[in-house]
Amino acid sequence: MKSISSLVFGGLLLSASHVAAYGASAPGAVVYKGCYSSSTGLTMNSSYTFNTQGYCQKQCAPLSMSVLATKDSTDCWCGDEIPPTADLVSDSHCDAPCAGYGQDMCGSSLSYWSVWLSGVASSASTASVDDTSTSSAAPSSTSDATSTTPAVVTAPGSTVVITAAPGTSESAAASSSATTHAKGGPNKAAIAAGVVVGIVAFSAIAGGLYLFMRNKKRRAVEDEYRRNAANNTFIAGGGKPPNSSGGDSSFTDTRLDQATMAQRRMSDGSIADNQDYSRRILKV
């Protein structure tokens, strides 16, 4: 029961919004009136990337404009009068496909408009030829004030299409594009700082590695020099290390009688280890 009530309430809200947008009754279907070489009785409303006569109807009908026209694939025009009959030309002149639906024609890139009844009224009056000069001057100024130009901004990794709202000048749109591009662009200062820090760090690592290898090589050379000096000293000393039996020794055996040992010839042989030579022996 609650779900049914919610659906009914939502339908009422949708109907109310529809009435608020289009008045007491919704507009009828658009009716094609032909291709015209002037915009007498019409004024520029907006420019839309996906423009069709259906989109243009949504712009003109809420303004109670009974006539709409499309031009140059993306432009929407509104008015209360159909251009003069003298300006009606062959449909072949309106050869620009609508940007939102390529099967329909939306005027031309030249001075040709595809004119339709917006559905607000079943008919509309036709502008007189005398109003051509006055009407053609007015839309020009209005177009400059209300036309919008889609601006394409290419940022890193994305493409943003910015369409200025009606009433915004092209300079404001260009300014918005420049601002968006500036914000979305890379920070050159941060990139430069990162490159400098990387170079300094790499230089420090390379310098430390060079000093380490240099010190290691120097220590190896010093060790080699010490070994060579020790070998040279050994060879210069007769091939006998210091304090050996062949070199000068300060070692003295206390068991030996120095006077006796001085008189003894080396050819007598070795002394006996179990005999005490510290006392004099009476020889017979």
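Asn187 caps the N-terminal end of helix H5, with a side-chain oxygen 3.2 Å from the backbone nitrogen of Ala189. The model is predicted. A search of the whole structure finds 4 disulfides, and the largest nonpolar core has 10 residues.

- Helix H5 covers residues 188–236, which is 49 residues.
- From the first C-alpha of H5 to its last the reach is 72 Å, close to the 72 Å expected at 1.5 Å a residue.
- At the N-terminal end of H5, the cap is provided by a side-chain oxygen of Asn187.
- An unreviewed UniProt entry places the feature "transmembrane region" at residues 189–212.
- In the model, residues 189–212 are 100% helix and 0% strand.
- The end C-alpha atoms of this stretch, residues 189–212, are 35 Å apart.

**Disulfide pattern**

- With bonded cysteines counted along the chain, the disulfides follow the pattern 1-6, 2-4, 3-5, 7-8.
- A disulfide is a covalent bond between the sulfur atoms of two cysteines.

**Cys35 and Cys94**

- The link of Cys35 and Cys94 is right-handed, with 90 degrees about the S-S bond.
- This pair joins distant parts of the chain, 59 residues apart: Cys35 is in strand E1 (residues 31–36), while Cys94 is in the loop between strand E6 (88–89) and strand E7 (113–117).
- Cys35 has a relative accessible area of 0% and is buried.
- Cys94 also counts as buried, at 4% relative accessibility, because buried means under 20%.

**Cys56 and Cys76**

- The link of Cys56 and Cys76 is right-handed, with 85 degrees about the S-S bond.
- Distant parts of the chain are linked here: Cys56 lies in helix H2 (residues 53–60) and Cys76 in strand E4 (residues 75–79), 20 residues apart.
- Cys56 and Cys76 are both buried.

**Cys60 and Cys78**

- Cys60 and Cys78 are buried.

**Nonpolar cores**

- The largest nonpolar core consists of Tyr36, Leu42, Met44, Val67, Ala69, Trp77, Ile82, Trp113, Val115 and Leu117.
- Strand E2 (42–47), strand E3 (67–71) and E7 each supply at least two residues of this core.
- E7 gives the most to this core, with 3 residues.
- Apart from this core lies another, of 6 residues, among them Cys56, Leu68, Cys76 and Trp116.

**Contacts of Tyr36**

- Tyr36 is one of the residues of the largest nonpolar core.
- Leaving aside neighbours within four places in sequence, Tyr36 is in contact with Ile82, Trp113 and Val115, among others.
- The contacts of Tyr36 also include Pro83, Pro84, Asp87, Leu88, Val89, Ser111 and Tyr112.

Methods
Residues numbered from 1 in each chain as written. Predicted model: local features only at pLDDT ≥ 70, side-chain atom pairs only at ≥ 80, totals over all residues. Heavy atoms only, no water. Disulfide = S-S within 2.5 Å. Helix = DSSP H or I, 4+ residues; strand = E, 2+ residues; numbered from the N terminus. Buried < 20%, exposed > 50% of the residue type's maximum accessible area, 1.4 Å probe, protein only. UniProt positions renumbered as here; feature names shortened; annotations may be inferred. Expected span 1.5 Å × (residues − 1). Polar contact = N/O pair within 3.5 Å; in protein donor to acceptor, adjacent residues only side chain to side chain. Core = buried A, V, L, I, M, F, W, Y, C linked by side-chain atoms within 4.5 Å. Contact = heavy atoms within 4.5 Å.
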